[in-house]
Amino acid sequence: MTIKYLSLAVSLLFSLWVEAQENYGTPEERANYQTDQMKEALPLLPHQIEQVHQLNLKYARMVQREVIDTGMNHFSAYFYMQNLVDNKEKELFPLLSEPQIKAYLKLKSAVVKSLINRFFG
């Protein structure tokens, strides 16, 4: 998948996140949801669950504080979210095995395809 599509996906993810923030609840609820998805899809091992949850919570709180609560405009948020995803993955990948990283990237790709189909399909 090209960087162009990943950038588009990050932008779409952000738009959905802001648009549906009330549906997703608090940063804690969003982190729980992300962790549950990763537990099943990767799958996470018991000793990884709390580490991954704390990382998801850290970044969900950042988005809440820096993007949602401030009402950041979509253009600025797009670049912020690109950077945020890159930084999160730099912290996440050392916690995962090679097969888990592949599963994560596959999951991420599926989300990108789903968003592209939703908006352009």
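**Confidence and helix packing**

Modeller: In the protein, confidence is lowest in helix H2 (residues 21–24), at a mean of 50, and highest in H4, at 95; pLDDT is the predictor's confidence in each residue, from 0 to 100, and helices (H or I, at least four residues) are DSSP runs numbered from the N terminus. This is a predicted model, in which local features need pLDDT of at least 70 and side-chain atom pairs count only at pLDDT 80 or more, while totals for chains, interfaces and linings use all residues. Residues are numbered from 1 along each chain as its sequence is written, and side-chain values use heavy atoms, with hydrogens and water left out.

Colleague: How are H3 and H4 oriented to each other?

Modeller: Helix H3 (residues 27–41) and helix H4 (residues 46–68) have axes 8 Å apart and pack at an angle of about 140 degrees, where axes are lines fitted to C-alpha atoms over the stretch in contact and angles run from 0 to 180 degrees between N-to-C directions. Angles under 35 degrees count as roughly parallel, over 145 as roughly antiparallel, 65 to 115 as roughly perpendicular and the rest as oblique. H3 and H4 are therefore oblique to each other.

Colleague: Which residue forms a salt bridge with Arg 61?

Modeller: A salt bridge here is a side-chain nitrogen of Lys or Arg within 4 Å of a carboxyl oxygen of Asp or Glu, and by this rule the count comes to 5. In one of these, the closest N and O atoms are 2.9 Å apart, and the partner of Arg 61 is Glu 28. The pair links distant parts of the chain, 33 residues apart, with Arg 61 in helix H4 and Glu 28 in helix H3.

Colleague: How do H4 and H5 lie relative to each other?

Modeller: The axes of H4 and helix H5 (residues 74–92) cross at roughly 165 degrees and come within 11 Å. Residues that meet across this pair include Tyr 59 and Met 62 in H4, and Tyr 80 and Leu 84 in H5. By the crossing angle, H4 and H5 are therefore roughly antiparallel.

Conventions
Helix = DSSP H or I, 4+ residues; strand = E, 2+ residues; numbered from the N terminus. Contact = heavy atoms within 4.5 Å.
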